[in-house]
Amino acid sequence: MSKDAMILKQARDEFVAQWGAMGSQWGINRTMAQIHALLMTAPEPVSTDEVMVELQISRGNAHTNLKELVTWGLVRIIVKKGERREFFEAEKDVWQIFTIVTRERKKREIEPALGMLNQCSEATRELSSPEGKAFHTQIRQLEEFVGFASKVADKVGGMKHGFAIQLAAKLLG
């Protein structure tokens, strides 16, 4: 193996490990994030067998996480002429990855939280005790904030990459 190939392999292995660790912070399990990182940095589509060997995971673990990544829209199945195996290719556009992860997290986390906050708000709307009123007020404030954050995420996710970067630069600059 050449020096360049060794440096590349080491950097890629480190990236895959770190992306896996960060994935759990984004609501994605470690193995799913590692597979995503592996595919995102692969120059060609990768088979399930290659994922298993590279990450040292079982076929079932690889298959389950690959299918979940396909469901999320972060990975697509590639058919190669003359091959019976499936190959997988990750979305490589960073802005697309961001919008997909944001959309999926909203669906899995924000929408259920908003539903629960709405139910709690409705259930406590008529309470007259000081504790009940305080609870209702706090829940309403949380509901408004989470709803606002959800709308902001929708707007930012729907923007074109360049415009979103310009807007962020204005807000943060």
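This briefing covers a pocket, a cavity and a helix. The model is predicted. Its largest pocket has a volume of about 340 Å³. The structure also holds one cavity of 30 Å³ or more.

**The largest pocket**
- The lining of the largest pocket is made of 16 residues.
- Nearest the pocket's centre lie Ile 97, Phe 98, Val 101, Thr 102 and Arg 105.
- Two helices, α5 (94-124) and α6 (130-158), each supply at least two lining residues.
- α5 gives the most to this lining, with ten residues.
- By class, the pocket lining has eleven nonpolar, two polar and three charged residues.

**The largest cavity**
- α2 gives the most to the cavity lining, with three residues.
- Among the residues lining the cavity are Trp 19, Trp 26, His 36 and Leu 69.
- Ile 97 and Val 101 line the cavity, and they also lie among the residues nearest the centre of the largest pocket.

**Helix α6**
- α6 has 29 residues, so at 1.5 Å a residue it should span 42 Å.
- Its end C-alpha atoms are 42 Å apart, which agrees.
- Buried residues in α6 are Gly 132, His 136, Ile 139, Glu 143, Val 146, Gly 147 and Ser 150.
- An α-helix has 3.6 residues a turn, so residues three or four places apart point the same way.
- The buried residues of α6 pack against α5.

Conventions
Residues numbered from 1 in each chain as written. Predicted model: local features only at pLDDT ≥ 70, side-chain atom pairs only at ≥ 80, totals over all residues. Heavy atoms only, no water. 1 Å grid on protein atoms, 1.4 Å probe; cavity = no way out; pocket = protein on both sides within 12 Å on 5 of 7 lines; lining within 4 Å. Points joined across faces, edges and corners; volume = space filled by probe spheres on them. Helix = DSSP H or I, 4+ residues; strand = E, 2+ residues; numbered from the N terminus. Nonpolar A, V, L, I, M, F, W, Y, C, P; charged D, E, K, R; others polar. Expected span 1.5 Å × (residues − 1). Buried < 20%, exposed > 50% of the residue type's maximum accessible area, 1.4 Å probe, protein only. Contact = heavy atoms within 4.5 Å.
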